[in-house]
Amino acid sequence: MLYREAQVADIPQYMAVRMAVRENQLSNPARVTEQDNIDYLTRRGKGWVCEADGQIVGFAIADLQDHSIWALFVHPNYERQGIGRQLQTIMLDWYFNQTQHPVWLSTSPGTRAEEFYRQSGWRETGRTASGETRFELTIEEWRRRSNQI
């Protein structure tokens with residue numbers, strides 16, 4: 001597996017991963033435009049991809065402006081290989097080197113993603129207006145958790 005910083009040219013490949021997921025599916029792909037992706041990669045934050053066999057099989061994007069995780073997805077054929085955990089580690093290490101502001105994310109309740117975040121030390125802080133589970137993580141919580149891994 002190769003982990004590297006995401007580039008604008010990676011958008012079509014990582015969006016194919018985004019569309020392949022079984023949980024937290026994007027109900028309307030038109031809601032996430034190419035310009036949105038470009039902004040998150042170049043202006044709002046930074047992203048990373050995981051490549052296997054020359055193909056992108058996972059990606060993660062952190063948003064410094066909104067202090068959130070915009071994306072963390074792994075292709076179903078590559079689940080349970082530690083890709084999500086490694087992408088999360090790279091992304092959160094980078095995020096907390098930029099700011100000490102807590103980071104948040106949301107995901108559909110009752111999903112494997114929700115359990116992944118709980119096991120990774122994220123704290124549930126309630127529900128979003130759309131009913132997703134909202135999680136938050138502080139730099140102290142991340143440092144404690146990453147020292148245990």
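User: In this predicted model, how far apart in helix 4 are Glu114 and Arg118?

Analyst: Start with the general idea. An α-helix has 3.6 residues a turn, so residues three or four places apart point the same way. Now the case here. Glu114 and Arg118 sit 4 residues apart in helix 4 (residues 112–119), so about one helical turn separates them. Their side chains meet in a salt bridge, at 3.1 Å from N to O.

User: Which residue forms a salt bridge with Arg43?

Analyst: Asp39 does, with the closest N and O atoms 3.6 Å apart. Both residues lie in helix 2 (residues 34–44). Their spacing is 4 residues, about one turn of the helix. Arg43 is partly exposed, because its relative accessibility is 49%. Asp39 counts as buried, at 18%.

User: How many salt bridges does the model hold?

Analyst: The count comes to 11 salt bridges. One of them links Glu136 and Arg134, whose closest N and O atoms are 3.3 Å apart. Glu136 is partly exposed at 21% relative accessibility. Arg134 is also partly exposed, at 24%. Salt bridges with shared partners join Arg123, Arg134, Glu136 and Glu141 into one network.

User: Back to helix 4. Which of its residues are buried?

Analyst: Ala113, Glu114, Phe116 and Tyr117. Look down the axis of helix 4: these buried residues fall within an arc of 160°, so they line one face of the helix. They pack against strand 4, helix 3 (83–98), strand 5 (103–107) and strand 7 (133–137).

User: What comes just after helix 4?

Analyst: Check the backbone at Gly121. This glycine takes a positive phi of about 95°.

User: Which residues of helix 1 are buried?

Analyst: Run the face test again. In helix 1 (residues 11–20), the buried residues are Ile11, Tyr14, Met15, Val17 and Arg18. They cover an arc of only 150° around the axis, so they lie on the same side of helix 1. Their packing partners are helix 2, strand 2 (45–52), strand 3 (55–63) and strand 4 (68–74).

User: Now the cores. Which residues touch the most other members of the largest nonpolar core?

Analyst: General idea first. In soluble globular proteins, nonpolar side chains tend to be buried together. Here the largest nonpolar core has 26 residues. Ile69, Leu92, Phe96, Val103, Tyr117 and Trp122 touch the most other members. At least two core residues come from each of strand 2, strand 3, strand 4, helix 3, strand 5, helix 4, strand 7 and helix 5 (139–148).

User: Which element gives the most to this core?

Analyst: Helix 3, with 7 residues.

User: Which residues does the second core include?

Analyst: The second core is separate and has 14 residues, among them Ile11, Tyr14, Val17 and Val21. Compare the list for helix 1: Ile11, Tyr14 and Val17 are among its buried residues.

Methods. Residues numbered from 1 in each chain as written. Predicted model: local features only at pLDDT ≥ 70, side-chain atom pairs only at ≥ 80, totals over all residues. Heavy atoms only, no water. Salt bridge = Lys/Arg side-chain N within 4 Å of Asp/Glu carboxyl O. Buried < 20%, exposed > 50% of the residue type's maximum accessible area, 1.4 Å probe, protein only. Arc of directions from axis to C-beta. Contact = heavy atoms within 4.5 Å. Core = buried A, V, L, I, M, F, W, Y, C linked by side-chain atoms within 4.5 Å.
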